[in-house]
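Hi,

Here is the structure I promised to pass on. Have a look at it first, and my notes on what turned up follow below.

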Amino acid sequence: RWAYVNGRYLPHRQAAVHVEDRGFQFADGVYEVVTLLDGRFADLDGHMERLGRSLSELRMDWPAAPRVVTMIARELVRRNGVRNGSLYIQVTRGVAPRDFKFPASVSATLVMTVKRVTAFAKPEQLEKGVAVVTVPDIRWGRCDIKTVGLLAPVLAKQQAAESGAYEAWLIDPDGTVTEGSSSNAWIVTQDGVLVTRAPSQKILNGITRLSLLRLAGERGIPVEERSFTVEEALAAREAFVSSAGTFALPVTRIDGKPVGEGKPGPVTRTLRQAYLDYVAAGVPS
Ligand code: PMP
């Protein structure tokens, strides 16, 4: 297994960054996760575009031209011989003596790893849906930036796991669902309207989310981008989460209570398949 670190392809277990890397000390960096399906990157352009946006919000330059970053990604995937899996790209501000202020001259640290995935969802998760638990959203004010500062989601996901749930839904102080700890949250109302929170600084505008919105529109599914509460989700017909690695995954329990009839529904199934078909129709990476 191979990793890429600052210009070098290295055996994964030897791949390392310096102890004074600002990603390590300050979480001063950003990342992307891109899924590989049957040799094709899913939504690569969207992920690269968001990486550029995250970098610019942190006032960082691209570590290399976007084309070059893409080329390295393809080469790393090739070297690893992975056709189904996920690519992790991380860019930190670089290595410098510890000081909060930006270092005067520093070059960014670019790291990429590739992981093989044998099944993106277990059959049981698709047949029965997954459980989520709710936790207060204690994250910072710029959740629209995909930074490596992930302590709140780590604690949320751990709490979900300890409760036997798959994901944690984060609850805004106003009582609405912001998003999952590593996914966007969706419901389908009793009227058949697909609802997901509108993009703002309170959520990460998922690349999968954007594609699902487009695919829903193309299929004539009515869409509303607005906030919803847990009560509304429990009364909904369907709920699901979306992310690069889950596509659209049915949610059938929230805090131990059933969503609607407690079974995965047709809109979730249709959108999941639509996303897989959309990726499969793309050019091989
Ligand atoms: N929200 C959060 C907080 C996330 O971490 C993720 C996964 N990166 C998402 C939403 C989903 O985004 P995407 O569809 O781009 O993976």
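**What lines the second largest pocket**

The residues lining the second largest pocket split into 13 nonpolar, nine charged and seven polar. Bear in mind throughout that this is a predicted model.

The second largest pocket holds about 540 Å³ of space. Its lining counts 29 residues, and those closest to the centre are Asp-43, Leu-44, Asp-45, Gly-46 and Ile-207. Which elements supply at least two residues each of that lining? They are strand β4 (40–41) plus the helices α2 (44–57), α3 (66–80), α6 (207–218) and α8 (266–280). Helix α2 is the top contributor, with seven residues.

Where does this pocket sit relative to the domains? Domain 1 (2–116) and domain 2 (123–280) both give residues to the lining, so the second largest pocket lies between them.

**The chain as a whole**

Those two domains are how the protein chain is divided: 2–116 for domain 1 and 123–280 for domain 2. On the contact between them, domain 1 puts in 21 residues and domain 2 puts in 22.

For secondary structure, I have eight helices and 15 strands in the protein chain. Its radius of gyration is 19 Å, close to the 19 Å that the globule rule gives for 285 residues, so the chain is as compact as a globular protein of that length. The C-alpha trace spans about 55 × 40 × 35 Å along the principal axes. Buried residues account for 50% of the 285 in the chain. If you take the contacts between residues at least 6 apart in sequence, 72% of them join residues at least 24 apart.

**Two residues with positive phi**

Next, a couple of backbone spots to check when you open the file. Asp-38 is not a glycine, yet has a positive phi of about 50 degrees. You'll find Asp-38 in the loop between β3 (29–37) and β4. Is Asp-38 buried, partly exposed or exposed? Its relative accessibility is 44%, so Asp-38 counts as partly exposed, the class between 20% and 50%. Beyond its neighbours within four places in sequence, Asp-38 is in contact with Arg-83 and Asn-84. Gly-85 is 47 residues away from Asp-38 in sequence, but their C-alpha atoms are 8.8 Å apart in space.

The other one is Arg-59, also a residue other than glycine, with a positive phi near 55 degrees. Arg-59 belongs to the loop between α2 and α3. With 68% relative accessibility, Arg-59 is over the 50% cut-off and therefore counts as exposed.

What does Ala-248 touch, once residues up to four places away in sequence are set aside? The partners are Leu-212, Phe-240, Val-241, Thr-268 and Arg-272. As for Thr-196, that residue is 52 places from Ala-248 along the chain, with 12 Å between the two C-alpha atoms.

That's everything I have for now.

Cheers

Key
Residues numbered from 1 in each chain as written. Predicted model: local features only at pLDDT ≥ 70, side-chain atom pairs only at ≥ 80, totals over all residues. Heavy atoms only, no water. 1 Å grid on protein atoms, 1.4 Å probe; cavity = no way out; pocket = protein on both sides within 12 Å on 5 of 7 lines; lining within 4 Å. Points joined across faces, edges and corners; volume = space filled by probe spheres on them. Helix = DSSP H or I, 4+ residues; strand = E, 2+ residues; numbered from the N terminus. Nonpolar A, V, L, I, M, F, W, Y, C, P; charged D, E, K, R; others polar. Domains from an automatic or database assignment. Rg over C-alpha atoms; globule rule 2.2 N^0.38 Å. Buried < 20%, exposed > 50% of the residue type's maximum accessible area, 1.4 Å probe, protein only. Contact = heavy atoms within 4.5 Å.
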